[in-house]
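Hello,

Here is the structure I promised to pass on. Have a look first, and then read my notes below.

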Amino acid sequence: MIELILKRLATAIPVLLAVVTLTFLMVHSAPGGPFDAEKAVTPEVLAKLNAKYNLDAPLWEQYSDYLFGVVQGDFGPSFRYPSRSVTELIMTGLPITFELAVYAILFALMLGVSAGILGALKPNTAYDYVPMTTAMLGICVPSIILGPSLILTFGIWLEWLPVGGWGDMPGDKILPTITLGTAYAAYCARLTRGGMLEVLNQDFIRTARAKGLSEFRVVVVHALRGGLTPVIAFLGPAMAGLLAGSFVVETIFGIPGLGRFYVEAAFNRDYTMILGSSIFFSCLIISFNLLSDVIAASINPKLRQ
Amino acid sequence: MKLRFLLFLALPFIFLSCGPSESPVSRAHLDSILYMGNGTEPQDLDPHVVTGVPESHILMALLEGLVIRHPEGLDPLPGVAESWDISSDGLTYSFNLRNTALWSNGDFVTAHDFVYAWRRMLTPSLGSKYPDMLYDVVNAEKFNKGTIKDFDLVGVKALDDKTLVVSLENPATYFLGLLAHYTTRPVHQPTIEKFGEIDTIGSQWTRPGNFIGNGPFTLEDWKLNKVLIVKKSPSYWDAKNVKLNEIHFFPIDNTSREDLMFRAGQLHVTSTIPPEKVEVYRKEYPDNIHIDPYYGTYYYRFNTDKEPFDNKLVRQALSLALDRRQIVDKVSKGGQSPAFSFTPPDPNSYYPPTTLDFDPEKAKELLKEAGYEDGTFPSFELLYNTSEGHQKLAQAVQQMWSVNLGINVTLANTDWKVYLSRQSVGDFSVSRAGWIGDYHDPKSFLDMMVTGRGNNQTGWSNSEYDNLLIEAAKSTSRLDRYGLLYEAEKILMEELPILPVYTYTRIYMLHESVKGWNPNLLDSHPYQFVSIEQ
């Protein structure tokens, strides 16, 4: 197991270096700069600003300076928000995005796993078809449609829940959680159903039933352990995807998370913020993939080789 | 077992059974809190660094200049300056500062604070983007461009703590209006120097707890991308007349979300309305939708360095082939009026020449005269930045030029920064543009088209035009000045390096409980005149 972890960590370094280099080259080759604005900046002012942010140095020097800073944990100041450092922006947005992702994954697991089990226990019946068709719909409906529909229904017509915000009013976390979690719930449902169907047909389940165990014990204690392997393998990438991909939901509900900063940074040519968040997201994705591999390996001995 | 599973499934929805809650807007008349949609997250709160509209809304609460804007758009009202004298040649202004003007930490606001603030804004190494707001002051431009180093030569002096004397290069009759702009307001020297040097960008002085202002409100809280809260300042000289207790500025750049928040009672006022809803809301919420005139022009730029747009006849033909009424009635549909001049017409002051016309026949003749017979005109690209509104308008214009003149136009839709950089390096033929005046004077439009100005971006240069603007600057009478500017604008509309399309309107939703929010051309709503009633 330790060997697996070490091996994966060793490959992470060149991956991260490639991410920094490519992102650096891409942001600097994109047309337009951080100080372009509707009210044109005079050449003198532009020169002062470039000097202030070290943008007048040769590109390789900027690159090496940046890399040197990153190694020391300094991602530099944001160009868009001059009084804030990239680290501050990431640290402000991250807890919120993380909280949202955790709620969404819990919601997805709760809904998806139950629906998947139901489908696997009664395959090819209404208990199977209805949740699975709904799941298919859940995968297909993008959050950009689901979010506003939920807001209209529960926020405007029924007036049950706030239409946006995060932690400002009671219940304002519910709609974003559902919006972000639904697609993942649908995946979980289909993965659980597949995994469970496979396990439920195996001999040890038959033995468990023959011993006279209650159906609940058979399903939850015996079958679920094996049946959930695909779901667990999916959780790592899902968590990374939720963290990096919450932009749409954050925008719809006005949640001050990291996703919005990331995408806005690209539009604003906020070089340091784009680089900082790309590095940060790469680290997250690498760690979550590693984590889910480790969990999957500890559950299923076959994967340990 | 089934029941257990069903319960399990239903669990997430049990959360949903929370009852309806009282909306912030419905209780605002009790706590006097104004909830405002404010566009994007403010970049910073340093008046010498920021350039955006959202920042200007916040700075209006936190800092006060020598004068303040009139809530109904009339001449400026006394602010920190209680009174002022203007010399007969219009070149010297002496301001008498009020004894009761205080910073939020209790310090007196003095004339020295203004000198320091203006010096800071003009300091070249700060890299302020708005130094030209003070270029009418003697030697201000030279100091800002580094040709003189001694700030004592710049025409702003504190005679004593309460007297500020400003000397101008030209009798700029609009000068008082500039002093209401946030860039010319004072900053608190000890605070700035506690957190950095005079030319430090992005120091921590603008954070809650650090910010010392002199406006009717103080900075209470600033949650990034969430809300910025200002609270009534007890030390403000006119605090007894300030009716709001707090203002919550929400950075909401998504118009649909802002719209939903308004409808759910979470906002009193929005920054805009999704364009597709304007017509519906005019019927459904006639008391809430506001379509106010605005001091801005939507226009197209020609690249006059490039063939065939270097030919005046071509530019005139393209203008004549444009049915502006059709555009505002059928395309933009936000109550805008067709623009027949660059400066938006103001019946109360400057009324520009409005000679542009829609005449496709004449357009064809002009094109022929320019040497382009039927179908020989080279196809070109119309550049705009990604936005549904710009796209629709570009399509309409494409259609009009195609039908009326047989010209083939391709559309180039690019991201904002690409669009800006292509314009600044002249890599375009025709591009969309818009301009909102910073102050209420035709100069804030016409000056832009002077040879070599940063926002000219058309390559157009006309010495007669430039000279008329110089003459106008020297004039002490407002009417004479307007006369000269009128002549200049006539040249601009004859030459047409730019093609005015429509005059902007400010479209927003406003809750009926908000009082004192008056329409005015600069969309300025000083909060000390705003209140919330039941």
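**What I found**

Setting aside neighbours within four places in sequence, V115(B) is in contact with F151(B), V156(B), K157(B), A158(B) and L164(B), where contact means heavy atoms within 4.5 Å. The residue belongs to helix α4 (residues 111–122) of chain B; helices (H or I, at least four residues) and strands (E, at least two) are DSSP runs, numbered from the N terminus. V115(B) counts as buried because its relative accessible area is 17%; buried means under 20%, exposed over 50%, and partly exposed in between, with a 1.4 Å probe and protein chains only. Between the C-alpha atoms of V115(B) and L522(B) there are 26 Å, and 407 residues along the chain.

Before going further, a word on the conventions. This is a predicted model, in which local features need pLDDT of at least 70 and side-chain atom pairs count only at pLDDT 80 or more, while totals for chains, interfaces and linings use all residues. Residues are numbered from 1 along each chain as its sequence is written, chains are lettered from A and ligands numbered from 1 in the order in which they are written, and side-chain values use heavy atoms, leaving out hydrogens and water.

**Chain A as a whole**

Chain A has 13 helices and zero strands. Its C-alpha atoms fill a box of roughly 85 × 55 × 30 Å along the principal axes. Of its 305 residues, 48% count as buried. Among the contacts in chain A with a separation of 6 or more, 74% are between residues 24 or more positions apart.

The chain exposes about 14000 Å², with carbon and sulfur atoms supplying 69% of that area; accessible areas come from the Shrake-Rupley method with a 1.4 Å probe, and for residues only the protein chains shown count as cover.

One nonpolar surface patch of about 360 Å² is made by L137(A), V141(A), I144(A) and I145(A). Patches take residues with over 30% relative accessible area and no salt bridge, joining like charges within 9 Å and nonpolar side chains (Val, Leu, Ile, Met, Phe, Trp, Tyr) within 5 Å. L137(A) sits in helix α5 (residues 126–140) of chain A, and is exposed because its relative accessibility is 52%.

**Salt bridges**

Over all chains there are 28 salt bridges, each a side-chain nitrogen of Lys or Arg within 4 Å of a carboxyl oxygen of Asp or Glu.

- D221(B) and K223(B) pair at 3.2 Å, N to O. D221(B) is partly exposed at 27%, as is K223(B) at 39%.
- K392(B) and E388(B) have their closest N and O atoms 4.0 Å apart. They are four residues apart in helix α13 (residues 388–405) of chain B, so about one helical turn separates them. K392(B) is partly exposed at 39%, whereas E388(B) is exposed at 57%.
- R422(B) and D427(B) come to 3.4 Å between their closest N and O atoms. R422(B) is buried at 16%, while D427(B) is partly exposed at 38%.

Best wishes
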